[in-house]
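Here is a friendly briefing to read alongside the model on your screen. Have the view open and follow the topics in turn.

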Amino acid sequence: MGSSKEYLEYILEQLSDLDDISHRAMMGEYILYYRGKIFGGIYDDRFLIKPVKIAREMMPDADMELPYDGAKEMLLVDDVENREFLKELIEAMYDELPAPRKRKK
């Protein structure tokens, strides 16, 4: 189905209290980065994040969902209205996120 630009813009606005949030379009969806590390994305107008330990602890009742066929499950963030929680969540996740891969030249 793909995600709408409007939903991406809404999520980016909700994350605007964080410095250095960026995104990249990929096959109709959007990969989200915090300070250069991938932390989640927008898939079929759903905000999904990597299921790192701290994220599972902060959202113990969150549903695990597939972003697309063949992918690993991710956590669904359903409380997207709570900007303060989103800021705390993404900042807390940062140290557990894998370092960015080096691109081959």
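This is a predicted model: local features need pLDDT of at least 70, side-chain atom pairs count only at pLDDT 80 or more; totals for chains, interfaces and linings use all residues.

Two strands count as paired when DSSP finds at least two bridges between them.

- Six strands make up an open sheet, ordered 1-2-3-4-6-5, and their pairing is antiparallel.
- Strand 1 (21-26) and strand 5 (64-65) are the edge strands, each with a single partner strand, so one side of each has no neighbour in the sheet.
- Strand 5 pairs with strand 6 (residues 74-76) over two bridges in the antiparallel sense, and methionine 64 is found opposite leucine 75 of strand 6.

**Helices on the sheet**
- Helix 1 packs on the sheet, where it touches strand 1, strand 2, strand 3 and strand 4. The direction of helix 1 makes about 15 degrees with that of strand 2.
- Helix 3 also packs on the sheet and touches strand 2, strand 3 and strand 4; the direction of helix 3 makes about 35 degrees with that of strand 4.

- Is strand 2 largely enclosed or left open by the rest of the structure? Six of its six residues are buried, so strand 2 is largely enclosed.
- In a regular strand, side chains alternate between the two faces of the sheet.
- Glu29, Ile31 and Tyr33 are buried on one side of strand 2, and Tyr30, Leu32 and Tyr34 are buried on the other.
- Strand 1 and strand 2 run antiparallel and are joined by six bridges, with methionine 26 partnered by glutamate 29 in strand 2.
- Two residues separate these strands in a hairpin, and methionine 27 in the turn has a positive phi of about 50 degrees.
- Strand 2 is joined to strand 3 by five bridges, again antiparallel.
- Strand 2 and strand 3 also form a hairpin with two residues between them, and arginine 35 in that turn has a positive phi of about 50 degrees.

**Buried faces of the helices**
- Tyr7, Leu8, Ile11 and Gln14 are the buried residues of helix 1. Seen down the axis, they fall within an arc of 125 degrees, so they line one face of helix 1.
- Cover for the buried residues of helix 1 includes strand 1, strand 2, strand 3, strand 4 and helix 3.
- In helix 3 (residues 83-93), the buried residues are Phe85, Leu86, Leu89, Ile90 and Met93. Their arc around the axis is only 125 degrees, which puts them on the same side of helix 3.

Definitions and conventions
Residues are numbered from 1 along each chain as its sequence is written. Side-chain values use heavy atoms; hydrogens and water are left out. Buried means under 20% relative accessible area, exposed over 50%, partly exposed in between (1.4 Å probe, protein chains only). Helices (H or I, at least four residues) and strands (E, at least two) are DSSP runs, numbered from the N terminus. The arc is that of the directions from the helix axis to the C-beta atoms. Contact means heavy atoms within 4.5 Å. Axes are lines fitted to C-alpha atoms, for helices over the stretch in contact, and angles run from 0 to 180 degrees between N-to-C directions.
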